[in-house]
Amino acid sequence: MIVPLLLSTFLPVAAGNVVTADNSTEIKFDCDTTLLNEIVVKAQRQLITRQIDRIGYDVQADPEMQTSTLTDILRKVPMVSVDGEGNISVRNSTFKVYKNGKPNHSFTNNAKDIFAAIPASSVKRIEVITDPGAKEDAEGTGVILNIVTMDNRPIKGVLGTASLSMNSRIPLPLPRLWLTTQIGNVNLSLSGGYNHQTYHSNKSAETARGTYLTTGNTLSTEEMSRSMSDNGYANIEASYEPDTLNLFTAEFGINPYSGHGYGWQRTVMSDGTAPVYSYTQDYTRPVNRYTDISGVFNYQRSTRRPGETITLSYQVASTGQRSHMLTEYSPQVNMPVGYSGIDNSSKLNFIEHTAQLDWTRPFNPHHTLRLGGKYIFRQNHSISAIQYTGSHSTSNDFRHRTQVGAAYLDYRITYGSVNARAGLRYEYSRLDARFIDGSAPDFGSDLNDLVPNAALQWQINGQSNVRANFSTAIQRPGIAFLNPAVNESPYMVSKGNPDLESARVNTLNLNYNLSRNKIYLDASLTYVFANNQICDVRTIEGDVINLTYDNGDRQRMFYGNIYVQWSPGDKTQLTASLMGGMGRCYSPRTGAKVQRWVWKPSVYVSQRLPWKLRLGASCYYDDGYIYNVYQYIVPFGAARFYYSLSLQRQFLADNRLTVQLYANNLFLPSTQHSTIHSVNSDYVGTRNSYFFNRDYFGVNISLRFGSLKSEVKKTGHTISNDDLQGKRL
């Protein structure tokens, strides 16, 4: 800041002591005053802050904010990694994206494209919510990335970013657009983009070999598949604030998708000396398309008490899906089924309505209470027809309805350097499923779940703190796990289990955090345990695997995570993380277990160069993971490694034009593969998955235009539905 300062320099040119009436002594000086010029006092706001449940990055305090995109800033945020192509990961785990404290499905599904278009100047703060509380849905999202935009202000004009990207795997310019403006008292924000995947970029292969211990026969398969797709997204958001106490917001989004694919699979069952049976399966998928449409409406009422808000929300979401798949078995040798092909067509319509109420009430600076309730109504209707060539045909008309009711309480206390939080969430779910044509028995499911959480944080000093927390999450079974209808193939028969319960996953975490001017350190120890995981139940009859599901598995994971961000200079930033630990999956029913140690290190370096250039490099190592008590996955060779390089240059006034060149996995094998090991059942073996064209390079071009000082304002709470394990449809 600039401070004018008048400095009086005292020079005792003549002095005399005067005794005052109260016997004190008054000393007199003759003074010569000199007016100094302005003094510049520079201070850097703290970029990184730590709260009991989140880490915050102050975007407006970043000196590069005016010339960066949201993707550029995310590279500096603790726990967040961005590779050279713009792919985002948060703390090496699954995550959802919120905008101003509310779930944003468009951001979650298209983060890479949208974030590369949003200018950082429109964002106030980025938060990594490491410990979602009782207010969040009980499905237990591992981590949340919350984008907090600038407050609502009077604005004029339009701010936007238009971008194009292209790479060697997809030599087609892919556009994306983001812009925001104000019309009267209404603020608007729009985003859209188009993506295309080619047959060349979506090519995969698998080989598998396993033995049935009951018969001694060996099953071998080889498979190759290709697919292409086109999909786009368009979103519009609006806010209207008639006064300081009332806020209305609305969102609308549409996401169309269309894809095609083809492939083949060669299958041989052998007794060790001669084939028992064999066939080649050729398949095409001429139709595979869907359209997702969603709308969200929120009303937030603020009271005269600072910080108190009441939010009412309503969301509607729908999906229309069509699929057609043709399969031909030829040539056939001793085919174990009585048909030579399958013609499978299906259509599905899904709609979901959600209403939610949230109330936040601070009683004083030390105590805050949050209460809320939620109701969800889902309806799904699917019709399928299957014609088995040379044999029979089947069809079903299937409908299911799900109702979910939830209520939560969250209480927070702050006294000096100590923060505490405790919460409890209750959820009830009712599923009714009917086969209208009588092709299978009707079924239903009732689930009741209590989900507690608690956290305690001690601020040791202004730079470090210690935090401990406990949380429970549930994983409700999706319809694919519950549906008792039988699905058959020549070597597998599978069906769901309508008696499944919600799986409960418990987490204990101890965390230490240190933040200084040039270094940020976050270290944690985590223990995860679950005693009723939804798991496969496999039995063997001859050479056929019978598959269903149960709540039988126990899971234990103990791991440590160290994250370091270091800025040795104004132009250099180094980010490194290391996650390592032991995972164990155990089945009391069979005594089977899988136990492995895994390691996942990663490093990212960003270096500013002369002539407005920036060089970026990132790499990571993947050691695999345990899938369940029957399977674990190990990447092989070069598939364990990934690295990317990028070079960025900015042009025009105010750096409005950005050109980025990037390369991923150059000089590594183009084809990489991983191995799935099948163990602990009467079928043991390996399946190798191959991924092609993993080395590629590309270019991103982005143009920022216009200027304004506002962003669409958001309510403090809204709706998030993400509570199913497995596909919802």
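Start by selecting Ser445: at 7% relative accessibility, Ser445 counts as buried. Buried means under 20% relative accessible area, exposed over 50%, and partly exposed in between, with a 1.4 Å probe and protein chains only. The model is predicted: local features need pLDDT of at least 70, side-chain atom pairs count only at pLDDT 80 or more, and totals for chains, interfaces and linings use all residues. Residues are numbered from 1 along each chain as its sequence is written, and side-chain values use heavy atoms, with hydrogens and water left out.

**Stop 1: strand β27**

Stay on Ser445. This residue lies in strand β27. Strands (E, at least two residues) and helices (H or I, at least four) are DSSP runs, numbered from the N terminus. Now show the surroundings of Ser445. Not counting residues up to four places away in sequence, Ser445 touches Ser429, Arg430, Leu431, Pro498 and Leu500. Contact here means heavy atoms within 4.5 Å.

Next, select Leu456, also placed in strand β27. Is Leu456 buried or partly exposed? Leu456 counts as partly exposed, at 48% relative accessibility. Beyond residues up to four places away in sequence, Leu456 touches Ile52, Val418, Asn419, Ala420, Val466, Arg467 and Ala468.

Then pick Trp458. Strand β27 (residues 443-459) holds Trp458. Its relative accessible area is 45%, so Trp458 is partly exposed.

**Stop 2**

**Stop 3: Leu326**

Move to Leu326 in strand β22 (residues 309-333). At 34% relative accessibility, Leu326 is partly exposed. Which residues does Leu326 contact, leaving aside neighbours within four places in sequence? They are Asp282, Tyr283, Thr284, Ile342 and Asp343. The C-alpha atoms of Leu326 and Gln387 are 9.8 Å apart, and the two residues are 61 residues apart along the chain.

**Stop 4: salt bridges**

Side chains of opposite charge can pair when their charged atoms come close. A salt bridge is a side-chain nitrogen of Lys or Arg within 4 Å of a carboxyl oxygen of Asp or Glu. How many salt bridges does this rule give? The count comes to 15.

Select Arg425 and Glu427. Their side chains meet in a salt bridge at 2.7 Å, N to O. Arg425 is buried at 3% relative accessibility, and Glu427 is buried at 3%.

Go on to Arg538 and Asp536. They form a salt bridge, with the closest N and O atoms 3.1 Å apart. Arg538 and Asp536 are buried.

Now take Arg589 and Asp550, whose side chains meet in a salt bridge at 3.9 Å, N to O. This pair links distant parts of the chain, 39 residues apart: Arg589 is in the loop between β34 (572-586) and β35 (593-609), and Asp550 is in strand β33 (residues 544-569). Arg589 is partly exposed at 40% relative accessibility, and Asp550 is partly exposed at 30%.

Finish with Arg54, Arg125 and Glu127. Salt bridges that share partners join these three into one network.
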